[in-house]
Amino acid sequence: MTFSGFKVIKEALTGHKGWGPLWRTPEPKAQYDVVIVGGGGHGLATAYYLAKVYGVTNVAVLEKGWIGSGNVGRNTTIIRSNYLLPGNQPFYEFSMKLWENLEQDTNFNSMVSQRGIINLFHSDGQRDAYRRRGNAMMLSGAGARLLSQADLRERAPFLNFDNARFPIKGGLMQERAGTARHDGVAWGYARGADMRGVDIIQNCEVTGFRMDAGRVTGVETTRGVIGAGKVGVAVAGNSGRVMAMAGRRLPIESQVLQAFVSEGLKPVIPGVITFGAGHFYISQSDKGGLVFGGDLDGYNSYAQRGGLPVVEDVLEGGMALMPMLGRARLLRNWGGIVDMSMDGSPIIDRTDIGDLYFNGAWNYGGFKATPASGYAFAHLLARDEPHETARAFRFDRFARGYVIDEKGVGAQPNLH
Amino acid sequence: MLIPHPLLGPRNAQEFTYLGDAQLLRRPDPQAPDAEAAFCDYVFQRSNPAGVHQELWFHEQGDRSWLVVTRNTVTHEILGAELACDVAKREGAQ
């Protein structure tokens, strides 16, 4: 089944009886060439690119719940490539390029909307730092624009420009950034992978690894043992739990990050806006809800829910930035568990166990990275060498002193 | 969350700053032959358990003591707290 405008009109006129399930519900086979642990955005994207680009179709994606039930359905849907460091920026720009063609590539409406992101600055020093970041973005081909206060007043007149403590002086804009429909991304990749022969096995929790002579040979699951030529772990949030089954510790702490949405409002926020003096970012969904977030709760957690002090802190940030926010009602808030790494950057690498590969440590940045993460992980699994944009995301960068620390705060995960 | 401070009684967790796994109390021997690998492990690697976790909290807006708090990372239930200096002395004595 392919989607097209013609098909939508035809179904609308015939009572929507011709739509089928978007993917099969297969029983697990005894053996696969590649088993991917984790049916979130990254795991499904990996399976999709393995099948589509690298021709590896004897693949299973194992998911303990239902696909897309973790962070890919819990994030604030922002896509952007506005990083500074050379280890990161080319990777995120590669991801941005994949986002731009995602709907044509997967034949699925992921609602990619390039409405732009503006990072506000509040002092001359911060302007200079953002100018430098903009230059790094332009070097990678991502594009960047420095907006003056006058530009901003036109685009976003509701901002608190004359805040006594943190006046808004301008912003760094990436026009190609924006938002996407997070669930649609997971569904599009799942459907595309399934159409190419990948088995998506839901309600199948991995409970252990089968090893032989220092190599992994399969996984134990709640639905029996499944043999694998290679195993790729893509379970960010639960990386510590899953890799502990293989007896490994990671440079990661699992922490809870909250997100918020208001009642639906008429269009008011023109893109994504981030506060430069506190930690607060906001956009508006197509349904009209204001979607926003801020800091981590800041302690180890697997609970998928946070505490009220951080709710208060995030809302204070919002009120400082745009006082009109106080007139909207908060509809929901929720938490997701993120892998916070020791330098704030991800890992896509082999492990020291043969045929066991790891993708995780996505910190705040997992959603925007989904396409490139899947592509690079598929490249690593198929070719056994890193993708050219993901070469820096290695386990041994900590021991070798090549950390990728965008904020320069060191081995303190709750500050990244 | 309320942290049962051993000297001050139950205190709001907001008064504290979180550092991380209490393994940070167990600094490796810098003179050992494997010191480089041991320090790399000490600085960067974490057990990150889902369940009972011992962790360091600093009572920054209180008496400025370091505590070792035992907390469940799945339920956020706090099971106990001790002064970090007491823990370090006890472990040093062993």
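Predicted model: local features only at pLDDT ≥ 70, side-chain atom pairs only at ≥ 80, totals over all residues.
Modeller: Residues are numbered from 1 along each chain as written, chains are lettered from A and ligands numbered from 1 in the order written, and side-chain values use heavy atoms, with hydrogens and water left out.

Biologist: Which elements of chain B give two or more residues to the side that touches chain A?

Modeller: Helices (H or I, at least four residues) and strands (E, at least two) are DSSP runs numbered from the N terminus. By class, that side of chain B has 10 nonpolar, 10 polar and 4 charged residues. The elements are β3 (17-21), α1 (35-44) and β4 (52-58).

Biologist: What does "charged" cover there?

Modeller: Nonpolar is Ala, Val, Leu, Ile, Met, Phe, Trp, Tyr, Cys and Pro, and polar takes the others, Gly among them. Charged leaves Asp, Glu, Lys and Arg.

Biologist: Which side chains meet in a salt bridge at 2.8 Å?

Modeller: A salt bridge needs a Lys or Arg side-chain nitrogen within 4 Å of an Asp or Glu carboxyl oxygen. Chain B and chain A have 2 of them. The pair at 2.8 Å, N to O, is R249(A) and D41(B).

Biologist: Which three residues supply 31% of the area chain B buries against chain A?

Modeller: The contact (heavy atoms within 4.5 Å) takes 24 residues from chain B and 23 from chain A. The two chains bury about 2100 Å² between them, 48% of it on carbon and sulfur atoms; that is accessible area (1.4 Å probe) lost on being put together, summed over both. Supplying more of chain B's share than any other three are F44(B), R46(B) and N48(B).

Biologist: And what pattern does chain B follow along the sequence?

Modeller: Chain B has 2 helices and 6 strands. Its C-alpha atoms fill a box of roughly 45 × 25 × 25 Å along the principal axes. Read along the sequence, the pattern is β-β-β-α-β-β-β-α.
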